[in-house]
There are 2 protein chains.
Amino acid sequence: MNILLVHAHPESTSVTRHLAETASEVLTAQGHHVMQSDLYGMGWKAVFDGQDFPKRANHDRLSFIEESGHAFSGGNQTPDVEEEQRKLQTADALILVFPLWWFSMPAIMKGWIDRVWAFGLAYGYQGAGNTWRYGEGGFAGKRALLAVSVGGPEKDYSPRGINGPLEQLLFPITHGTLFFPGMQVLPTFAVYGSANIETDQIAETTDNWKNRLERLFDDEPIPFRPQNGGDYPDRHVLADHVAPGVTGLAAHIANTVPRD
Amino acid sequence: MNILLVHAHPESTSVTRHLAETASEVLTAQGHHVMQSDLYGMGWKAVFDGQDFPKRANHDRLSFIEESGHAFSGGNQTPDVEEEQRKLQTADALILVFPLWWFSMPAIMKGWIDRVWAFGLAYGYQGAGNTWRYGEGGFAGKRALLAVSVGGPEKDYSPRGINGPLEQLLFPITHGTLFFPGMQVLPTFAVYGSANIETDQIAETTDNWKNRLERLFDDEPIPFRPQNGGDYPDRHVLADHVAPGVTGLAAHIANTVPRD
């Protein structure tokens, strides 16, 4: 299988880079082909701006949606974006490895999403508006996995922990960014307390990470509800009979226990 | 009062820029002093990296926490970061205006947070670890407000809408980024369907926005639970008697109706 590993930390001895290197080794040893995007090493341009559109559809007014669609469909994107899309198109799985900064990804990785997730590909797939999204779309058939280095302790991210549960904080990424264009997203792998992690913990963490990597194509994805699977009859709002009474992010995960 | 208005869109006719300009006019007319950070116009450096630390504490290994604390406490930050912090320190309110890209802020604004939210100021306040956070800290006494331009329709962001409720998608920003260092955060102002908004809707939206701005120092903030208010006896996890049985993001908002 082909795997795209995107990571975002400039320090070679960081937990993030350790996770990325371990992934590359384990997956290669399993016979997979690993492609890497080391965003800091590449000097990735984080800011999505007018320079992303060398041949503008409209010179008077910059609409990102319009220009993104024009550039993608016309083959007029910048070479760096085209290269990342080429890697993605050949990938059977995408792994994003990053330190959790302010409960999200670092700006350089957000800028990878902002720029690479083009209109016509990651949204507005095939020019059909929102016909194909959440489980179907330009990245259907691919798996995705986040591996996150978290400074704080696990209890802060527990079901009633003060930060909120990690998987809910990451919902804009797992559900809104990866499942949206069709990827099947695995539960997040997290390393907590990464700022002060000790050698023996690193060994245990590495073992756990290796186990997750070996099951990359076997583990069950998060059961996000697909738009066109029947739970959203109007493509917008959950049907009354689906998870009745449940509101919020959890309602969009199929194994949510309904409120009694 | 002093107000810092940070906005992130390069197109002068965008909804984002319209909201920012309206805010500047209305607040100035009310007698406030408005400072602006037009991130695209400033060419803001989005990527948080080694260049942020001109005088390194440790030349062998780049730890962002260690170097951020060293640079902030020693007055060795870059001039652009120092200037934003200076504006923030004098501000009584912070308004962030941005288009919702992949259910979060554009990379350029995430990079404003990543770089300006220094250790010793926005986290690790006064070198006391997590003693002061969530309601107390370096930005205590300030108000914060998000104004978000959203491409999709409001129903997609409703309590059972397919994207998830907007305020839960923004929780990593409102709770985790703004309330964390002590700001009181107002409910988000959103303009839905911004990609195809019509002239008459713009007029109504502008009126609503003006009303919200005029009540900037009067509206009730989101009642996020402060860390040191008694609800988190160990500073990490909600006490059993607080919102009993509730898990997830909603548990950290004081007016959440408890499960029966």
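First, some housekeeping. What you see is a predicted model, in which local features need pLDDT of at least 70, side-chain atom pairs count only at pLDDT 80 or more, and totals for chains, interfaces and linings use all residues. Residues are numbered from 1 along each chain as its sequence is written, while chains are lettered from A and ligands numbered from 1 in the order in which they are written.

Let's start with chain A as a whole. Chain A has eight helices and six strands; here helices (H or I, at least four residues) and strands (E, at least two) are DSSP runs, numbered from the N terminus. Along the sequence, the order is β-α-β-α-α-α-β-α-β-α-α-β-β-α. The radius of gyration of chain A is 19 Å, close to the 18 Å from the globule rule for 260 residues, so chain A is as compact as a globular protein of that length. That radius is taken over C-alpha atoms, and the rule is 2.2 Å times the number of residues to the power 0.38. The C-alpha trace of chain A spans about 55 × 50 × 35 Å along its principal axes.

How much of chain A is buried? Of its 260 residues, 50% are buried. A residue counts as buried if 20 or more other C-beta atoms lie within 10 Å of its own, as exposed if 12 or fewer do, and as partly exposed in between, with C-beta atoms placed from the backbone. As for contacts, two residues make one if their C-beta atoms, placed from the backbone, lie within 7 Å. Among the contacts in chain A with a separation of 6 or more, 73% are between residues 24 or more positions apart.

Now the domains. Chain A is assigned domain 1 (2–221) and domain 2 (225–260), with bounds that come from an automatic or database domain assignment. Their centres, taken over C-alpha atoms, are 26 Å apart. Eight residues of domain 1 of chain A are in contact with seven residues of domain 2 of chain A. On the domain 1 side, that contact has two nonpolar, four polar and two charged residues. For these classes, Ala, Val, Leu, Ile, Met, Phe, Trp, Tyr, Cys and Pro count as nonpolar, Asp, Glu, Lys and Arg as charged, and the others, Gly among them, as polar.

Please look at helix α1 of chain A next. This helix (residues 15–29) has 15 residues and reaches 21 Å from its first C-alpha to its last, close to the expected 21 Å. The expected span is 1.5 Å times one less than the number of residues. Buried residues in α1(A) include A:V15, A:L19, A:A23 and A:L27. The buried residues of this helix pack against several elements of chain A, among them β1 (2–7), β4 (143–149) and α8 (199–214). After α1(A) comes A:G31, with a positive phi near 95°.

In strand β1 of chain A, we find A:N2. A:N2 is partly exposed, with 15 C-beta neighbours inside 10 Å. Beyond its neighbours within four places in sequence, A:N2 has contacts that include A:H33, A:M35 and A:D92.

On to the pair of chains. The contact between them takes 57 residues from chain A and 56 residues from chain B. On the chain A side, α5 (107–116), α6 (166–169) and α7 (171–179) each give two or more residues, and α5(A) gives the most, with six. By class, that side divides into 30 nonpolar, 18 polar and nine charged residues.

A rotation of 180° with 0.0 Å of shift along its axis superposes chain A on chain B (RMSD 0.0 Å). The two copies are thus related as by a two-fold rotation axis. The superposition is by least squares on the C-alpha atoms of residues with pLDDT of at least 70 in both. Which residue of chain A comes closest to the rotation axis? That's A:A107, at 2.4 Å (C-alpha). Of the interface residues of chain A, 98% are also interface residues in chain B, so the copies meet through the same surface.

Finally, back to A:R235, as promised. A:R235 is not a glycine, yet has a positive phi of about 70°. A:R235 is partly exposed, with 15 other C-beta atoms within 10 Å. Over in chain B, B:A243 also has a positive phi, near 45°, in a residue other than glycine. B:A243 is buried, with 22 other C-beta atoms within 10 Å.
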